[in-house]
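User: I would like to learn how to read a structure feature by feature. Could you walk me through one?

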Amino acid sequence: MNKPILNLPITTVSSPRPSRRRENKVSCAMREHDARDWIRCDETAKQMLSRVLGDRAFLLLPPLHRVPLRAGNVIEITGSSPTAKTQILIQSAITCILPKTWNGVRYGGLEKLVLFLDLDCRFDVVRLSDVLKHRLLEANRIGNGAWWQLEESDVKNCRAAQDDKSKSKIVYDEELYVSCMKRFLYLRCYDSLELLSSLKTLHYRIRLLEACGSQVGVLMIDSIGAFHWTDRLSSSLALDKNNRKSLSLTNVVETIVQEMKKLMQVHSLVIIATKATIYEEKYPTNENNRKLSSNSDLSGNASSKAQQPPFREFMPSSWQAFVTHKIFIRKSGDHQSSGQQSLSAYSLEWLQPQLSSIDRFIVDDSGVVIVS
């Protein structure tokens, strides 16, 4: 007996295959979209001009006035202790936190934030406050705020003539003083790990400050070699049992330099770091003795000595390659008498870029003053 055949509709399922025309259209649309994204501007002309003009080179007060600085520069100030390295940082910081003008008085500042990392743990905030008040008083007395551009004798005469009469009458602007101190951010670190953690959190701090309308100008470090012996002795201490990497001096400094580079890639910063010499100087400290010794040597030896720094370098190569400007300060045998007080004089020499001029300065109540 034959079974009836059921006539059921048979449907064939075919795999979807996009046509070549559709693929070409999609690829053309993607290329056109990418081209439009590439052509589309990331910032307006006003934003571009404000960014470019904001990164212009600037000059700090003497004795750092010889070379213009711009974002990305790393200045290393080297000298034995004490050679007024921190005083130079204080004067540079005050120049940054002061405004250009305030209530019609020109102060000649940059009106930017200063991040100060104290690794030496001996920073005197009272000294910063006193020098800032002195700058505000001098600007109000002279009227144009450019008292540091005058000759030293003119400044002394101006002070002597107006101290008795004007000291009790002229006072600094309290509101301006508070606004300047708010632009000074102070952090203290007691070891290299705290320094690394501070550098990692600085990006977040800077973003918060920039969101409030402030711009960071300078990162100061006093002093970069403070933890040299501690990091050198901890080279045998492992970070982890399963980690072969140790806390060696080279690894720590390389990590610190990498964190600074990350900050400079995102923010327009100038880094100024001090470094104390822990070894004896190679050459005599007196400039006259240096000239006599260089004249007695052969020309080849003199040229080779001129290329070498006058101190023994102890920082790793990663830091040395990171530095763009080098300054060396030494105590001078001469003393500059200021009234009845005798003050020590210091000489400042630019090693990178190498300049022929050597500046002499003293440190008094007003800050750093050039004497020759």
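User: Where is Glu259 placed, and is it buried or exposed?

Analyst: Bear in mind that this is a predicted model. Glu259 sits in helix 9. To judge burial, compare the relative accessible area with a cut-off: under 20% counts as buried. Glu259 has a relative accessible area of 8%, so it is buried.

User: Which residues does Glu259 touch, leaving aside those up to four places away in sequence?

Analyst: Leaving those sequence neighbours aside, Glu259 touches Leu196, Leu199 and Lys200. A C-alpha distance tells you about the fold as well: Glu259 and His203 are 56 residues apart along the chain, while their C-alpha atoms are separated by 9.8 Å.

User: How do I read the way helix 7 and helix 9 cross?

Analyst: Look at the angle between the axes, where anything under 35 degrees counts as roughly parallel. Here the axes of helix 7 (residues 192-211) and helix 9 (residues 249-266) come within 10 Å and cross at roughly 10 degrees. Helix 7 is therefore roughly parallel to helix 9.

User: Which residues of helix 7 and helix 9 meet?

Analyst: From helix 7 the contact takes in Ser192, Leu195, Leu196, Leu199, Lys200, Leu202, His203 and Ile206. On the helix 9 side they meet Val252, Thr255, Ile256, Glu259, Met260, Leu263 and Val266.

User: What should I look for in the backbone, for instance at the bond joining Ser81 and Pro82?

Analyst: Check omega to begin with. The peptide bond joining Ser81 and Pro82 is cis, with omega about 0 degrees. Pro82 is in the loop between strand 1 (74-79) and helix 3. Another cis peptide bond, also with omega about 0 degrees, joins Gln352 and Pro353. Pro353 is in the loop between strand 11 (341-352) and strand 12.

User: Phi comes next, I suppose. What is the phi of Ala84?

Analyst: Phi of Ala84 is near 65 degrees, a positive value in a residue other than glycine. Ala84 lies in the loop between strand 1 and helix 3, and at 12% relative accessibility it counts as buried. Glu111 also has a positive phi, near 55 degrees. Its place is the loop between strand 3 (105-106) and strand 4 (113-118). At 42% relative accessibility, Glu111 counts as partly exposed.

User: What does the side chain of Ser366 contact?

Analyst: The side chain of Ser366 makes a polar contact with the side chain of Asp364, at 2.7 Å. Ser366 itself is in the loop between strand 12 (354-364) and strand 13 (367-370). With 2% relative accessibility, Ser366 counts as buried.

User: Stepping back, how many residues are in the largest nonpolar core?

Analyst: The largest nonpolar core has 42 residues, and Ile272 and Phe361 have the most contacts inside it. Helix 3 (residues 85-97) supplies the largest share of this core, 7 residues. A second, separate core has 33 residues, including Leu119, Ile221, Met264 and Val323.

User: And how many helices and strands are there in the protein?

Analyst: The protein has 12 helices and 13 strands. Of its 372 residues, 39% are buried. For the range of contacts, take those between residues at least 6 apart in sequence: 73% of them join residues at least 24 apart.

How values were computed
Residues are numbered from 1 along each chain as its sequence is written. This is a predicted model: local features need pLDDT of at least 70, side-chain atom pairs count only at pLDDT 80 or more; totals for chains, interfaces and linings use all residues. Side-chain values use heavy atoms; hydrogens and water are left out. Axes are lines fitted to C-alpha atoms, for helices over the stretch in contact, and angles run from 0 to 180 degrees between N-to-C directions. Helices (H or I, at least four residues) and strands (E, at least two) are DSSP runs, numbered from the N terminus. Angles under 35 degrees count as roughly parallel, over 145 as roughly antiparallel, 65 to 115 as roughly perpendicular and the rest as oblique. Contact means heavy atoms within 4.5 Å. Buried means under 20% relative accessible area, exposed over 50%, partly exposed in between (1.4 Å probe, protein chains only). A polar contact is a pair of N or O atoms within 3.5 Å; within protein, one must be able to donate a hydrogen and the other to accept it, and residues adjacent in sequence count only if both atoms are side-chain atoms. A nonpolar core is a set of buried Ala, Val, Leu, Ile, Met, Phe, Trp, Tyr and Cys residues joined through side-chain atoms within 4.5 Å.
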